[in-house]
Amino acid sequence: MGFFDKIKKAVLGEKPAEEEIKDLPVEQEETPEIEEVTSIETVEVETPVEEKAVEIKEEIQVEKVEVVKQEETIEKYDKGLEKSRKTFGQFMNDLFSNFRMVDDEFFEELEEALISADVGFETAMRISDELQEEVKLKNVKKQEDVQNTIIEKLVEIYEAEGQEENNNLNIQTDGPTIILFVGVNGVGKTTSIGKLAHRYKQEGKKVLLAAADTFRAGAIDQLVVWGDRAGVDVVKHSAGSDPAAVVFDAVERTKKENYDILLVDTAGRLQNKVNLMKELEKMKRVIEREYPSAPHEVLLVVDATTGQNAMIQAKEFKDTTDVTGIVLSKLDGTAKGGMVLAIRNELHLPVKLVGLGEKITDLADFDPNQFVYGLFKDLMENYEN
C-alpha cells in the first residue's frame with residue numbers, strides 16, 4: 001500500500017456492511033417423530049439467530065453514527081483547510097511550472113515557496129536538506145515523484161516530533177480535569193473555551209468555567225456569554241480582582257459539587273512577562289493544593305491568520321510558562337495552515353485543537369491524518385489521475 005493510500009484509508013476508513021444480517025446462517029434441526037400428546041407443557045424456545053441479528057443491527061447502528069461523525073469531521077477539515085490547500089497547490093504549480101531538473105536552483109525556489117506558505121524558515125531549510133538527500137539516494141527525477149516526496153517529508157517532520165497520542169487532551173478518569181488557557185487578547189481564547197465547554201456538556205460531563213482574566217471587564221462578560229451558550233456555570237469576580245482568588249473559588253466549587261471539567265481563562269499580557277509568569281504560577285499553586293497532578297493541560301491559543309506573528313507569540317509564551325499544547329484558532333480563515341508544521345518542528349509542541357469554523361461545534365481535535373488529507377487532497381487526487 002502506497003503512502004497516499006495509507007493516508008486516505010486512515011481518514012476515510014471503511015463503512016459498515018449491512019449485508020451481514022442477510023448472510024446469517026439459519027440453524028435447522030431434524031423433525032422429531034410425532035408422538036401422541038397426553039399433556040401440554042410450556043416450552044421455552046431459544047432463538048440464537050434472531051438474537052444475533054439484533055446484536056449485529058445494534059453494532060451497525062453504532063458504526064453508522066461513527067461514520068456520520070467521521071464524515072462531518074472530514075467535511076470540516078475539507079472546508080477549514082480550503083484556503084491553505086489552494087495556497088499549497090499554487091506553490092506546487094508555480095514550483096514545477098519551470099521544472100527542468102532537480103538542481104541547486106530548484107531547492108532554493110523550494111525553500112522560498114515553503115517559507116511563503118508559512119511552514120517557517122527552519123522547517124523549510126530542513127525539508128530542503130532532507131529532500132536533497134532523498135533525491136540523491138533514490139535518484140528521483142520525475143516531477144510527480146519529487147512532488148510526492150515533498151509532501152511525505154512534510155508529514156514525516158510532523159510525526160517525527162512526537163507520538164500521535166500526544167495530540168490528545170489529557171482528560172482524567174478518576175477526578176476532575178483542569179485546563180488552563182493562555183494567549184494574548186483577540187486570538188480566540190475565550191471563544192475556544194466556550195466551544196470546548198459545549199462539547200463536554202454535550203458528552204454529559206459537568207463543566208465549570210473560571211473567568212480568571214480579571215484585568216479586562218470585557219473578558220469576564222464574554223466568558224459569561226459563552227457559558228450561557230454552552231449551558232455551563234461560570235465562576236467570576238469583579239474586574240481587577242486577584243485572578244488566583246477566582247481560581248481558588250472555582251477549584252473549591254469543582255471539588256464540592258463534583259464537576260468533571262474546569263476550564264480556566266487567564267490574562268494574556270505579554271508586554272509584562274514577569275507579572276504574567278507570577279500570576280500563572282500563583283494560579284497553579286492554588287490548583288495543586290487540592291489536585292497535585294493539575295493543571296492537566298496548559299493550552300496556548302494562537303490565531304492562525306497571523307502566521308509568523310503567531311509563532312513569535314508561541315515562543316514567548318513557551319518561555320514564560322509550561323505550555324503543553326496549542327489551540328490553533330481561525331484555521332478556516334487563513335491560507336497559512338503550513339504553520340502547524342512550523343509549530344511542531346520549531347517549538348516541539350503538539351497542536352491539540354483547531355478552530356475550523358464559527359459554529360459552536362467547529363472546534364475539532366487535531367488529527368494529523370485529517371490535516372494532511374485536507375491540506376494535500378487535491379494534489380493526491382492529481383497524483384492518482
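The following questions and answers concern the predicted model shown above.

Reader: What conventions apply to the residue numbers and to the predicted model?
Author: Residues are numbered from 1 along each chain as its sequence is written, and side-chain values use heavy atoms, with hydrogens and water left out. In this predicted model, local features need pLDDT of at least 70 and side-chain atom pairs count only at pLDDT 80 or more, whereas totals for chains, interfaces and linings use all residues.

Reader: How many helices and strands are there in the protein?
Author: Helices (H or I, at least four residues) and strands (E, at least two) are DSSP runs, numbered from the N terminus. On that basis the protein has 14 helices and eight strands.

Reader: What percentage of the residues count as buried?
Author: Buried means under 20% relative accessible area, exposed over 50%, and partly exposed in between (1.4 Å probe, protein chains only). The areas come from the Shrake-Rupley method with a 1.4 Å probe, and for residues only the protein chains shown count as cover. The accessible surface of the protein comes to about 20500 Å², of which 46% belongs to carbon and sulfur atoms. Of the 385 residues, the buried share is 47%.

Reader: Which residues does Phe181 touch, not counting residues up to four places away in sequence?
Author: Contact means heavy atoms within 4.5 Å. With residues up to four places away in sequence left out, Phe181 touches Lys189, Ile193, Leu196, Leu263, Val264, Asp265, Thr266, Leu299, Val301 and Val327.

Reader: What is the order of the strands in the open sheet, and which are the edge strands?
Author: Two strands pair if DSSP finds at least two bridges between them. The eight strands of the open sheet show mixed pairing, in the order 3-2-4-1-5-6-7-8. Pairing on one side only marks the edge strands, namely strand 3 (233-235) and strand 8 (363-365).

Reader: Which residue of strand 4 is the bridge partner of Ile179, and which is that of Leu209?
Author: Strand 4 (residues 261-265) pairs with strand 1 (residues 177-182) in the parallel sense over five bridges. Strand 2 (residues 207-211) also runs parallel to strand 4, joined by five bridges. Ile178 stands opposite Leu262. For Ile179 the bridge partner is Leu263, and for Leu209 the partner in strand 4 is Leu263.

Reader: Which residues lie on each side of strand 4, and are they buried or exposed?
Author: Five of the five residues of strand 4 are buried. Both faces are covered, with Ile261, Leu263 and Asp265 on one side, and Leu262 and Val264 on the other, all buried.

Reader: At what angle to strand 5 does helix 12 run?
Author: Axes are lines fitted to C-alpha atoms, for helices over the stretch in contact, and angles run from 0 to 180 degrees between N-to-C directions. Helix 12 (residues 308-320) lies across strand 1 and strand 5 (297-303), and its angle to strand 5 is about 155°.

Reader: Which residues does a cis peptide bond join, and what is omega?
Author: Pro295 is in the loop between helix 11 (273-290) and strand 5. The cis bond joins Ala294 and Pro295, with omega at about -5°.

Reader: Is Asn258 buried or exposed?
Author: Asn258 lies in the loop between helix 10 (243-256) and strand 4. Its phi is near 55°, a positive value in a residue other than glycine. With a relative accessible area of 57%, Asn258 is exposed.

Reader: Which residues is Ser128 in contact with, leaving aside neighbours within four places in sequence?
Author: Ser128 belongs to helix 6 (residues 121-138). Its relative accessibility is 0%, so Ser128 counts as buried. Its contacts, with those neighbours set aside, are Phe107, Leu110 and Glu111.
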